[in-house]
Amino acid sequence: MQIKDIYEYLNTLSPFELQEKWDNSGLLVGNMEDNFENLYLSMDLDLELVETLKPNSLVITHHPLIFSGLKRVNYNTYSTKIVRELIKKDISLISMHTNIDKTHLNRFVIERILDFKVDNQNEFIANCSVDFSFDDLLKHLNKKLNLKNIKYVKTKEEIKKIAICTGSAMSLIDEVDADCFLTGDIKYHDAMEAKARGISLIDIRHYESENAFSLLLEELLKDYLKKNQFKAIILASKNPFEFFKGETVE
């Protein structure tokens, strides 16, 4: 199969032109005229994963391996080390980031993973009507996303409306009109700002909230790949963070 064929199909599902100006979605490694024999889907790439890939393949990831322009390729950074291995093995890379966040991923996670119903959604933030106590909402998210040591800001006991954005979206807090905002990568000053506004926060983490990307894309590509007698392989992208459970000191 040629890269340009699947690229054009992906573009009909989630147009690359929808990506944010700061984003770098699209074909990052390879050429549109190249052919590939194997197709992999993954949220991210790391060196350990790349070692398992077969030569002459195409990988489609959520997060772009390269965000800003590379001025040096010295093979001593995360992106350049992996680019080197991809080129060695003749592996191409397409990334679908903020474009698919807007068109599919956020809603997929909310409705299929979290079992909420979206009332309305702007580009990134979706609003859902719910009926939870704050503590029960924490338990629900813990179960659905397998979250450990949940970080939160509690300003309300009862939650009737939640706003959700997978990944990292505290920069969009001005757009939040809800009892509780669910997103990842929440920082200290984000928490202070939300508390001052009376908005509860629950950190659903970056990895855990977007790890369904591969399942989503496999579903979106199912008919296209079947028609072309092709099969996608889902890679088990690993969370770079680990969590220490220490003993309580009295």
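User: Which elements are included in what covers the buried residues of helix 4?

Analyst: This is a predicted model, in which local features need pLDDT of at least 70 and side-chain atom pairs count only at pLDDT 80 or more, whereas totals for chains, interfaces and linings use all residues. Numbering runs from 1 along each chain as its sequence is written, and side-chain values use heavy atoms, without hydrogens and water. Helices (H or I, at least four residues) and strands (E, at least two) are DSSP runs numbered from the N terminus; buried means under 20% relative accessible area (1.4 Å probe, protein chains only), and contact means heavy atoms within 4.5 Å. The cover of these buried residues includes strand 5 (118–121), strand 6 (126–133), strand 8 (158–168), helix 7 (206–210) and helix 8 (213–227).

User: Which residue with positive phi follows helix 4?

Analyst: The buried residues of helix 4 include Val109 and Ile110. After the helix comes a residue with phi near 65°, Asp115.

User: What percentage of the chain's residues count as buried?

Analyst: The chain has eight helices and 11 strands. Its C-alpha atoms fill a box of roughly 55 × 45 × 30 Å along the principal axes. Of its 250 residues, the buried share is 49%.

Key
Buried < 20%, exposed > 50% of the residue type's maximum accessible area, 1.4 Å probe, protein only.
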